[in-house]
Amino acid sequence: MLDANLKTQLKSYLEKVSRPIEIVASLDDSAKSQELQALLDDIASLSERVTVVERRGDQERKPSFSIGEPGKESGIRFAGIPMGHEFTSLVLALLQVGGHPVKLDDAVIEQIRELDGDYQFETYFSLSCQNCPEVVQALNVMALINPRIRHVAIDGAVFQNEVEARQIMAVPTMFLNGEVFGQGRSGVKEILAKLDTGAGARAAKELAKKPVFDVLIVGGGPAGAAAAIYSARKGIKTGVVAERFGGQVLDTLAIENFVSVQETEGPKFATALEQHVKSYEVDIMDVQRAEALVPGRINEVRLANGAVLKAKTIVLATGARWREINVPGEREYRNHGVAYCPHCDGPL
Ligand SMILES: Cc1cc2nc3c(=O)[nH]c(=O)nc-3n(C[C@H](O)[C@H](O)[C@H](O)COP(=O)(O)OP(=O)(O)OC[C@H]3O[C@@H](n4cnc5c(N)ncnc54)[C@H](O)[C@@H]3O)c2cc1C
């Protein structure tokens, strides 16, 4: 199933695993189940720490598999065969279950751990969707940290009947406890902000303590980041408030027209933007939606959580979003010829 090159790469990754991993596969007699079995056997052959247990006739989707510690029920499951862009999610899940550290701030890990509730997530992805791995990996890591969170990542092409029955128009689409939870790219911070209803009030309390900024930039895309760097370099008190730091570049992979950088990827570019901004004294207030601008001698920006930020100068760098052309049938034919992104809603 895996070619020699992938096997070599995966073997070297699996050397980082320090704890035993048990993959429990739910299979039937279909060709897809055989394909999955071959993949899992390949993985097990690459590390002594990985074992595969096979189940037939259970209640799980087939083919699917969970990844966990031996004998412990795991909250991470893939339904279908996570190759394509999802192969990285599979590798990451193996590494993290196998003891490789999770790359999240301690405060975020604590916030996930303290979520009080039972959360059953399902994410529909396609193998060519470049926005899906972020969602799959975010929910997998949350399931790893908090045992009351469970996540199944489902390949929509393999479970087409579910896609039709649930009227899924785009990938990734997330369901929480059977109801649509969200669509499109989102990471741990965005998911947490939606789940942790008390977080908004706590954040508002902290934001209310902010001093008056000299320059407050609304928007954290390339334009907002550039404005922040220019302002901070002049030594003036600068803040950035953004719904999603990084902006639209987070939704793309290959960027080949950024002069002097021959090729980069959207998320990598967004990380570099953030690091560059953070190298100056800039107060970044991420995952915050601005709802109103109230001009005055001291301008105010009202946020969705009720907090009010103040600044002598405001820079609006709120970018763009996919535009609808408002022609008959545009909505009805979404995903049946009308697509906004060949890698996102195109495949389904
Ligand atoms: C799929 C895709 C592929 C692309 N590929 C390329 C490419 O290869 N090369 C290229 O040059 N360009 C590409 N672009 C375009 C490029 O990403 C945009 O031109 C660029 O990101 C615009 O930067 P910006 O900072 O003006 O706005 P955006 O990137 O749109 O950022 C807007 C910022 O404002 C925030 N925001 C918006 N409303 C609010 C609010 N109410 N409150 C708080 N914050 C808010 C957003 O969260 C975000 O942080 C691509 C775009 C997409 C979607």
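Visitor: How closely do the axes of helix H5 and helix H7 come, and at what angle do they cross?

Guide: A quick word on the model: it is predicted, so local features need pLDDT of at least 70, side-chain atom pairs count only at pLDDT 80 or more, and totals for chains, interfaces and linings use all residues. Residues are numbered from 1 along each chain as its sequence is written, and side-chain values use heavy atoms, with hydrogens and water left out. Helices (H or I, at least four residues) and strands (E, at least two) are DSSP runs numbered from the N terminus. Axes are lines fitted to C-alpha atoms, for helices over the stretch in contact, with angles from 0 to 180 degrees between N-to-C directions. Here, the axes of H5 (residues 132–145) and H7 (residues 188–195) come within 9 Å and cross at roughly 60°. That makes H5 oblique to H7 (under 35 degrees is roughly parallel, over 145 roughly antiparallel, 65 to 115 roughly perpendicular, and the rest oblique).

Visitor: Which residues make the contact?

Guide: Contact means heavy atoms within 4.5 Å. H5 brings Ala138, Leu139, Val141 and Met142, while H7 brings Val188, Ile191, Leu192 and Leu195. They divide into eight nonpolar, no polar and no charged (Ala, Val, Leu, Ile, Met, Phe, Trp, Tyr, Cys and Pro count as nonpolar, Asp, Glu, Lys and Arg as charged, the others, Gly among them, as polar).

Visitor: Now sheets. In what order do the eight strands of the open sheet run?

Guide: Strands of a sheet pair through backbone hydrogen bonds, either parallel or antiparallel. Two strands count as paired if DSSP finds at least two bridges between them. In this sheet the order is S2-S1-S3-S4-S6-S5-S7-S8, with mixed pairing. S2 (50–56) and S8 (179–183) are at the edges with a single partner strand each, so one side of each has no neighbour in the sheet. From one strand to the next, the twist averages 20°.

Visitor: What packs on that sheet?

Guide: Helix H3 (residues 87–97) does, touching S1 (21–27), S3 (64–68) and S4 (76–79). The direction of H3 makes about 35° with that of S3.

Visitor: And is strand S15 mostly buried or exposed?

Guide: Buried means under 20% relative accessible area, exposed over 50%, and partly exposed in between (1.4 Å probe, protein chains only). Four of the five residues of S15 (residues 299–303) are buried, so S15 is largely enclosed by the rest of the structure.

Visitor: How many bridges pair S14 with S15?

Guide: Four, in the antiparallel sense. A hairpin of four residues joins S14 to S15, and alanine 292 stands opposite arginine 302.
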